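The exercises below each set a task and then work through it in steps. Keep the sequence and the model in view while reading.

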Amino acid sequence: MRRRSGGIAFVTGLMGIGAIAGCSTPVDGAAAQQPAKAIAFHPCDGLTQEALHAAQIDVRAGSRLSDEPANRSCSFRSRNPDYGVVISALAETVSSVESSDRFNVLSETEIGGRAALVSDFRGGSACTVSVAIEPGILEFMIGYSELEDFTTVDAACDQATKVATTLAPYFPDHL
């Protein structure tokens, strides 16, 4: 029998890192943080039952993980295969993900006509697919470990890309 590690809780902890805020340099030379752009779209509310069903995600309501203006996240479950996916609307950009030391970018692609990055979370534990939608990104995160159905970054990234691609027709025009 395979033991479950509670992968959704682990992925939830990873995504709790939050959004990246931009910086500017005031006259005195010290860096000042600019407020992050507010995100109106929340995956818990904005993804229809039809969309979730198309992606083979459990159509019960998702669990609201974050409701901050720059980070709106929701966790969902799939039963076949059995995995958790965290979908986040973030006030980040594809370029901020690309330049972040938190991610190892594995590939650049296009999903639903939008720029996207497929990345391994540094240290190996989750794959993220980040899709550019103004004013930020819609991120799909699936964990992997020896104790999960997805044991490698490639397997987790394949599934995260499938989920993002299936949901692409349901993406909002603006986050």
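**Exercise 1**

Is Cys-127 buried or exposed?

Solution. The model is a predicted one. Step 1: the relative accessibility of Cys-127 is 0%. Step 2: buried means under 20% relative accessible area. Step 3: Cys-127 therefore counts as buried.

**Exercise 2**

Find the partner of Cys-127 in a disulfide and describe the link.

Solution. Step 1: a disulfide is a covalent bond between the sulfur atoms of two cysteines. Step 2: Cys-127 is bonded to Cys-157, with 2.1 Å between their sulfur atoms. Step 3: this pair links distant parts of the chain, since Cys-127 is in strand S8 and Cys-157 in helix H5 (residues 153-167), 30 residues apart. Step 4: the torsion about the S-S bond of Cys-127 and Cys-157 is about 110 degrees, so this disulfide is right-handed. Step 5: Cys-157 has 6% relative accessibility and therefore counts as buried.

**Exercise 3**

How many disulfides does a search of the whole structure find, and what is the pairing of the bonded cysteines in sequence order?

Solution. Step 1: the search gives two disulfides. Step 2: one of them joins Cys-44 to Cys-74, with an S to S distance of 2.0 Å. Step 3: Cys-44 belongs to helix H2 (residues 43-46) and Cys-74 to strand S4 (residues 71-79); the two are 30 residues apart, and the pair links distant parts of the chain. Step 4: the link of Cys-44 and Cys-74 is right-handed, with 95 degrees about the S-S bond. Step 5: Cys-44 has a relative accessible area of 18% and is buried, while Cys-74, at 0% relative accessibility, also counts as buried. Step 6: when the bonded cysteines of the protein chain are numbered in sequence order, the pairing reads 1-2, 3-4.

**Exercise 4**

Describe the surroundings of strand S9 (residues 136-143).

Solution. Step 1: strand S8 (residues 126-133) runs antiparallel to S9, and eight bridges join them. Step 2: in this pairing, Thr-128 stands opposite Met-141 of S9. Step 5: here Leu-90 has Ile-137 in S9 as its bridge partner. Step 6: S9 is mostly covered, with eight of its eight residues buried.

**Exercise 5**

How many aromatic pairs are there, and what is the geometry of the pair formed by Phe-103 and Phe-121?

Solution. Step 1: a pair of aromatic rings is described by the distance of the centres and the angle of the planes. Step 2: with ring centres required to lie within 6.5 Å, the count is three aromatic pairs. Step 3: Phe-103 and Phe-121 are 5.6 Å apart centre to centre, with 90 degrees between the planes, which makes the pair edge-to-face. Step 4: Phe-103 is in strand S6 (residues 103-111) and Phe-121 in strand S7 (residues 114-121), 18 residues apart, so the pair links distant parts of the chain. Step 5: both Phe-103 and Phe-121 are buried.

**Exercise 6**

Where does Thr-48 lie, and which backbone nitrogen lies 3.0 Å from a polar atom of its side chain?

Solution. Step 1: Thr-48 is in the loop between H2 and helix H3 (49-54). Step 2: the relative accessible area of Thr-48 is 41%, so Thr-48 is partly exposed. Step 3: the nitrogen in question is that of Ala-51. Step 4: Thr-48 and Tyr-170 are 122 residues apart along the chain, and their C-alpha atoms are separated by 8.1 Å.

Terms used:
Residues numbered from 1 in each chain as written. Predicted model: local features only at pLDDT ≥ 70, side-chain atom pairs only at ≥ 80, totals over all residues. Heavy atoms only, no water. Buried < 20%, exposed > 50% of the residue type's maximum accessible area, 1.4 Å probe, protein only. Helix = DSSP H or I, 4+ residues; strand = E, 2+ residues; numbered from the N terminus. Pairing = 2+ DSSP bridges. Phe/Tyr/Trp six-rings, centres within 6.5 Å; stacked < 30°, edge-to-face > 60°. Disulfide = S-S within 2.5 Å. Polar contact = N/O pair within 3.5 Å; in protein donor to acceptor, adjacent residues only side chain to side chain.
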